[in-house]
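This report concerns the structure shown below.

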Amino acid sequence: MDVAKWWFLDLLFVVFLAILVLPVSRSSPESEAEGRTRKPRGNVIEVEEEPKSVVWVVQLSDLHLSVHHPERAYDLRRYVGPALAMINPSLVLITGDLTDGKSKDLLTMKQDEVEWIEYQNVLDNVIQRSGLNKEIFYDLRGNHDCFGVPKAGGAYDYYQKYSINARLKRDGNVQSITLQNGGWKHLFVGFDSTMETGLRGPTNLFGHPTNQLLANIDLELSQWDVESAITKIAFGHFPLSFSALTDDGKGLKDVFLRHSLSVYLCGHLHTKFGKNIKRHHQSNLPTKYYQFNMHQGFPTNMDEQSCSSKANFSKEFWEWEMGDWRWSRAMRILAIDSGHVSYVDLDFRLGSKETIILPTFPVDSRFMQKISSVHDFKCQPKRGSSYELIRTLIFSRTEIVLVSVKVYDTRPETPTLVLDSSMRKIEGNGSRGDLYIAPWNWRAFADPSPSRYRLQIEAIDIFGKTTYSELRPFSINGLTAQVSWTWREFFVMGCQWASIYWPAFWSALLFLSSLLLVPQVLLLCWKKNYSYEYVRPNFAGRSLREHLVDGACLALMELPRMTVVWFGILMYLLYLLFFPWFFGHVFTEKGIVAYMTYQGWFVPNFNENTMLQYLGLPDVMVVVLPHLCFVVLPTILVIGAMAAERTTCRKYYLLLSGKKEDDSLGHNYEQAKNASSCDSNCIWRRRWIRKFLFLVTVVILWKHWKNCRALVRAYDMNPFLNSPIYCFMIPLMLMYAVYKTSSL
């Protein structure tokens, strides 16, 4: 009993001691969060020397160094090293697709170590010629850099062997760098969202962020949250329109909006889709499937209370796609001046640049923040102003003797010069670059139009050569000038393809099924020859619309009459829904054979002899949707049209002969006179429509053959063994339909 008593007293003492100690040893969640945000986790670089108010970085993307295109590496050596020496950036960001990984015919996509060795040699040469520290170079992986890489760090993961990040021992898929100067912190967070198990192309097109990756990015972006003067910029390879969601439905956009990101820099899409591949994101706008224009919505109404540090307004950030070095020889200089972000894109296709001008304030009103820019304008009297000076960076190989700023008023029909002022260079010891400034009465340029005033910088070097910056609009009020996408820019930037895939797939499958099943149901419900009521071989007195409507109805009603073809196409759709489309090799090394369905690739796990289900979703949409929309759908329509043409021709000959096929074909034989008109005679007797449909059939077969050939080359498969149904069912159905409709 005494032992139990002493044990109980000891236990009470321990519990009492724990209660006393616990509040001291364990901090509150708020203090934990504060401690977590105060501690920098990435590399911190102190940017010294003048100009103190500005930092600038360089972005390159989509180099696609290839053994089949040595000119890409040659131009990179020739132009980029000297350009970097002239620009002297604080960081150099290379956002993916470092190598091409494609065969000469562009169909086989897997890793080639020769290209990676060339990449290493070229980058070492560029760094040497630039005179920059290798530590400021950051290169990320793109989808081309993981074609056919089954495992990160494995034998075929050449990125982990030859990239700058790997050689500098930068581990992890998230890298953060903080540039400090003039009381400002500029946080850059780069991340790798490529597939963890890299498939061969073309079904390796999307970024695949995981919940862990999003958590890591969120953690890195939060490290300076207690600071007021901070600019946050993220960089990666994939635009958000080509980034999948996690299994929980989370995405990069949610993280970026939470941290009031200024800009997300990316690549992947290339300049061939347009030069305005940029997008403004805002928290209070639903854009799950699409966004019609570069800007969407309107800035929040603000009052004097909005200048309070506790004021809440919508979050926002810009997404700026870079373009590519592959074809466009593009390079971007991004500058941050007292929180104002601006950029200039350079094109080296016409040679090196002797002088580069980058205005840093006022910024281009087409690409400024819609909400925070208005906030800055309204709160200038309370925050102190960075608006007092026009500022521009100038990089030049030769001495600049004169710099001037010109502002034009475009309200009249002819732009009027309203400001022409010389600019002076900020002098300082050990200057990193040349910043020119000019005072101005910025309040005089406040205007409700975001594009009324346009700014241009003029620089003259010692040899008398004049260089001009782009004539760009600006808005002191913080109002955004509207820019509209072309249809190609909307297609790649405005559509959220990862979210669109499932609705598009099921809609296409439902539509194809209805084309087969609805006419069959109608035939079963009405008389057998119901469709013949629509057969009118004469053209007199009928509009084009009537012809098209009657022809479409007849084609759909005649298709079920071709029982073998109708049943074959229906079985083909069921096959595509429930069975593998084809088998193939999805990694660089042959050996593991996977199969693809509309849900993705089913790949054996090469480590544990288990199955990893459905890799490459939604990447397989580049195979699935084109096949359904541009092969299966035209096949159904052209077969129905061939059946309708045969029925109409038979009716034409019956009218000419005065015979009736059965009682349901009884019509007034006055139609025979109309049917024998010149137009009808040319159309039906010579069967021109059938000849046209035959040409359409040839086009469908050619399209299908191209798709099958591309897949055979991409995945090293035998079409007779690995994809007989996918490759040969459509040609067989078309050839059978051509044969059955050849005779009346």
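The lining of the second largest cavity consists of L60, L63, L76, V80, L84, V92, I94, L123, V126 and F137. Two or more of the lining residues of this cavity come from each of the elements α3 (70-87), β3 (92-95) and α4 (113-130); helices (H or I, at least four residues) and strands (E, at least two) are DSSP runs, numbered from the N terminus. With three residues, α3 gives the most to the lining of the second largest cavity. The lining residues of this cavity comprise 10 nonpolar, no polar and no charged, where Ala, Val, Leu, Ile, Met, Phe, Trp, Tyr, Cys and Pro count as nonpolar, Asp, Glu, Lys and Arg as charged, and the others, Gly among them, as polar.

The second largest cavity holds about 40 Å³ of space, and two cavities of 30 Å³ or more are found in the whole structure. A cavity is a set of points, on a 1 Å grid over the protein atoms alone, where a 1.4 Å probe fits but cannot get out, and lining residues have an atom within 4 Å of a point. Grid points are joined across faces, edges and corners, and a volume is the space filled by probe spheres set on the points.

## Basis of the model

The model is predicted: local features need pLDDT of at least 70 and side-chain atom pairs count only at pLDDT 80 or more, whereas totals for chains, interfaces and linings use all residues. Residues are numbered from 1 along each chain as its sequence is written, and side-chain values use heavy atoms, with hydrogens and water left out.

## Salt bridges

The whole structure contains 24 salt bridges, each defined as a side-chain nitrogen of Lys or Arg within 4 Å of a carboxyl oxygen of Asp or Glu. In one of them, D192 pairs with R141, and the closest N and O atoms are 3.1 Å apart. D192 is in the loop between β6 (184-191) and α7 (211-221) and R141 in the loop between β4 (137-140) and α5 (159-162), so this pair ties together parts 51 residues apart in sequence. D192 counts as buried at 16% relative accessibility, and R141 counts as buried at 7%; buried means under 20% relative accessible area, exposed over 50%, and partly exposed in between (1.4 Å probe, protein chains only).

R332 forms a salt bridge with D345, with the closest N and O atoms 2.7 Å apart. Since R332 belongs to strand β11 (residues 330-337) and D345 to strand β12 (residues 340-347), the pair ties together parts that are 13 residues apart in sequence. R332 is buried, at 1% relative accessibility, whereas D345 is partly exposed, at 35%.

Between E470 and R366, the closest N and O atoms of the salt bridge are 3.1 Å apart. E470 lies in the loop between β20 (466-468) and β21 (472-474) and R366 in the loop between β13 (355-361) and α9 (372-378), so parts 104 residues apart in sequence are tied together. E470 is partly exposed, with a relative accessible area of 45%.

## Surface loop

G249 is located in the loop between β7 (230-235) and α8 (252-258) and counts as partly exposed at 41% relative accessibility. The C-alpha atoms of G249 and N211 are separated by 9.5 Å, with the two residues 38 residues apart along the chain.

Terms used:
On a 1 Å grid over the protein atoms alone, a cavity is a set of points where a 1.4 Å probe fits but cannot get out, and a pocket is an open set with protein on both sides within 12 Å along at least five of seven lines; lining residues have an atom within 4 Å of a point.
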